[in-house]
Amino acid sequence: MSKLCHLLLAASALCPLGIAHAAEAPAAVDAGESDAIVVVGQGIVRQAQTLTTKDLAVLVPGTSPFKAIENLPSVNFQSADPFGSYEWATRVSIRGFNQNQLGFTLDGVPLGDATYGNLNGLHVSRAIITDNIGATRVTQGAGALGTQATNNLGGTVEFSSMDPLDHFALDGAATYGSFNSWRTFGRVNAADANGNVRGFISVDHHETAKWKGYGQQRQTLVNAKIVGKVGATELSAYGSYSDRAEVDYQDLSLEMLGRLGYNWDNISNNYALAVKVADVAANNGYSGAVATNPSAGTAWPAPFANADDAYYSGGGLRKDFLGWIGAKTRLSEKFTGEIKGYYHDNKGRGLWWTPYVNSPNGIPLSLRTTEYAIKRGGIFGHIDGEIGAHKLTVGGWWEHNAFNQARRYYAVLSRTDPGQGLLDWPSNPFATQWELNFATETLQYHVADTVKYGDLTINLGWKGFAVINKATPVIAGGRASGRIAAKDWFQPTIGAAYKIGGNSEIYAGFAQSTRAYQSATTSGPFSATQAGFDAVKGSLKPESSDTYEAGYRYSDARINATLGAYLTNFHNRLLVIPTAAGIVGSANLLSNVGGVRSAGIEALVNARLGHGFSTTLSYAYNDSTYRDDIGTYRLVGKTTVDAPKHLARAELAYDNKVIFGRVAVNYMSKRYFTYTNDQFVGGRTLVDASIGYRVKTPFSDRPIELQVNATNLFDVKYVSTIGTNGFGFSGDNQTLMVGAPRAVFGTVKAGF
């Protein structure tokens, strides 16, 4: 695989294992761009950029790949830990669309909608080791037609795994730093004598203590990939196993931040206090708890003001296997074909020690879980060809997802011993509140045609899908079951790009996209009561968006730049809202509540300044507002929740092949976390920095790298993630996560 092809994510249909189809391939660029950090999407009729491996290499090892894309315009990334990997608090949004409304793929394999409570996929941090990512393409807008996603209203993030090398190689790295964090990584690459069959296997293990409170977050990840040629056909396979466990941070409100401070957290190292709080809650008549210790009284132990100030603990457990097998071949002189089959198996638990339900032994504390099991598989492919001046692509995707979700309760052992560790998998529940089996059938196709008339490129096409969601109760527990479907067989796209001279181009495009429903008891149509679901299933409409965009790009051996503008009309927004008792007697119901309009501008410049210096500057302005009121709430013209108007990033990098480093400044303006905009968190400016040194040794032609990274360099106190427990219409809400303080990490990397 050529380096240029690797960087541009398959600029033509002949690039092995690429994710861009011929009808949407970026134009080839000068070989001098092979050292670029960001490559703008030359020849693509919508806003798009590709990040190369160079951008990931300077981050703290083990950092989520999502962290790398935050320097692109309109990308808003939030997390409560220095690595961006704590999934409960990880959020990615683009142009005001949240991560559930974005498409994510790895080598074209769908990763689902990044929902914390797994239902149709997994975070990329559990799908691939960051060191094995070859490139990342971000498309702000509806995304490419061929993306395997039925929820990409606001954009796509397409990750590509690196190809194995055509020779034997060893890579290793070790990291240690703040909060007793340590990580080890190793990769072995091998190939046959001719380099026709090559592969690698790699292992990553990462552990860190929480930066506040008590508990640990850890993950073991194994990746393997093999590529080989049989005649004109290239065969490939990839497998990944992940075992992740994390202890939660406590969700906060603005009132709690003022009263308890930024370092307030759960009391996972003080079980006796947790039991005391649960006793007081029961004595105060908290719903679900039965008082068993009147002597505990009704006064909260300082500094508690209620049972929700802090819990004993919570956490997430995830085990995933993801694998795919693919083939790419030349069908004729002008036609190529690619097909890929994949399988994903997930087992997960969301843990919460609740003071609202007694254990059978009378202790007013129990372990509540939300339990997940995914078994999904699918196949997708496309045929690319040329007929005269036309470059055609026809492709399709099918997936079956069998998902089981349950809510269970487990007993604590005694008043002095919870009976299990914070990250142990529980067994022997004393109650199952509900359990349902979900089956989601997805069928999608796309057709695209690209025609070139001199310097003018025109892209026309459409996609369509039908997604059928079924829920079957094992234990209904008052939750909905049944069938609902989202179908939209014609989602058109049209666009054009026109080259101006050798380095500039202008582009414009339109795309329409529809989002399928979620199949889960905790989100989507099935989260209502049975009566509520039956009342709306015939009238509910899937969300959709219409995106118009236009812009200018410039690319040469020194500069990659883009300036664009967009307008997006978001229709049939879905929201769980309180409803009148006359509708079905249910307090919560999923309903279409109107639309959102987003308009903005995006700018990006990546420039080589000479003498080893380079810079990346990006800015995005987004005006995203509600177009409809909801009941008595006046929302028209209000800013969309978690949609900052201003995002800006400036980065200066230096690399003279011996010394390297980077300083990055990231600004985000204020964000609202209520629909009426009466509650918000202020803007923040963060600075990250890194410095490194390469040491030549007689043992290898590759130097040893010594690297030091600092995140939140100036130790800013700020609110990072908002909406962890959803958004309300008005008033303060326990739905905020504070960002991590300054952290410093040292790394040693070696290769042979």
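# A tour of the predicted model

Start by selecting G239, which sits in strand β13, residues 233-247. This is a predicted model, so keep the confidence colouring at hand for the last stop. With a relative accessibility of 19%, G239 falls under the 20% cut-off and therefore counts as buried.

Now show what surrounds G239. Beyond its neighbours within four places in sequence, G239 is in contact with V222, N223 and A224, and also with F321, L322 and G323. Draw a distance from G239 to V222: the two are 17 residues apart in sequence, and their C-alpha atoms lie 8.1 Å apart.

Next, go to S614 in strand β27, which covers residues 613-626. Is S614 buried or exposed? S614 counts as buried, because its relative accessibility is 17%. Leaving out residues up to four places away in sequence, S614 touches A607, R608 and L609, together with E651, L652 and A653.

Move on to an open sheet of six strands. Selected in order across the sheet, the strands are β1, β2, β7, β8, β5 and β6, and their pairing is mixed. Which strands stand at the edges? They are β1 (38-40) and β6 (109-110); each has a single partner strand, so one side of each has no neighbour in the sheet. Strands of a sheet pair through backbone hydrogen bonds, either parallel or antiparallel.

Within this sheet, select β7 (residues 133-140) and β8 (residues 155-161). The two strands run antiparallel and are joined by seven bridges.

Then turn to the nonpolar cores. Nonpolar side chains tend to be buried together in soluble globular proteins. The largest core here has 46 residues, and the members that touch the most others are F66, I69, L72, L106 and L111. Centre the view on I69: apart from residues up to four places away in sequence, I69 touches L51, V75, V92, T136, V138 and V157.

Finish with the confidence colouring. The mean pLDDT of the protein is 90, and 93% of the residues reach 70 or more. Select residues 25-34, where pLDDT stays under 50; the model gives this stretch 29 contacts beyond four places in sequence. Residues 578-587 also have pLDDT below 50, and that stretch has twelve contacts in the model beyond near neighbours in sequence.

Definitions and conventions:
Residues are numbered from 1 along each chain as its sequence is written. This is a predicted model: local features need pLDDT of at least 70, side-chain atom pairs count only at pLDDT 80 or more; totals for chains, interfaces and linings use all residues. Side-chain values use heavy atoms; hydrogens and water are left out. pLDDT is the predictor's confidence in each residue, from 0 to 100. Contact means heavy atoms within 4.5 Å. Helices (H or I, at least four residues) and strands (E, at least two) are DSSP runs, numbered from the N terminus. Buried means under 20% relative accessible area, exposed over 50%, partly exposed in between (1.4 Å probe, protein chains only). Two strands pair if DSSP finds at least two bridges between them. A nonpolar core is a set of buried Ala, Val, Leu, Ile, Met, Phe, Trp, Tyr and Cys residues joined through side-chain atoms within 4.5 Å.
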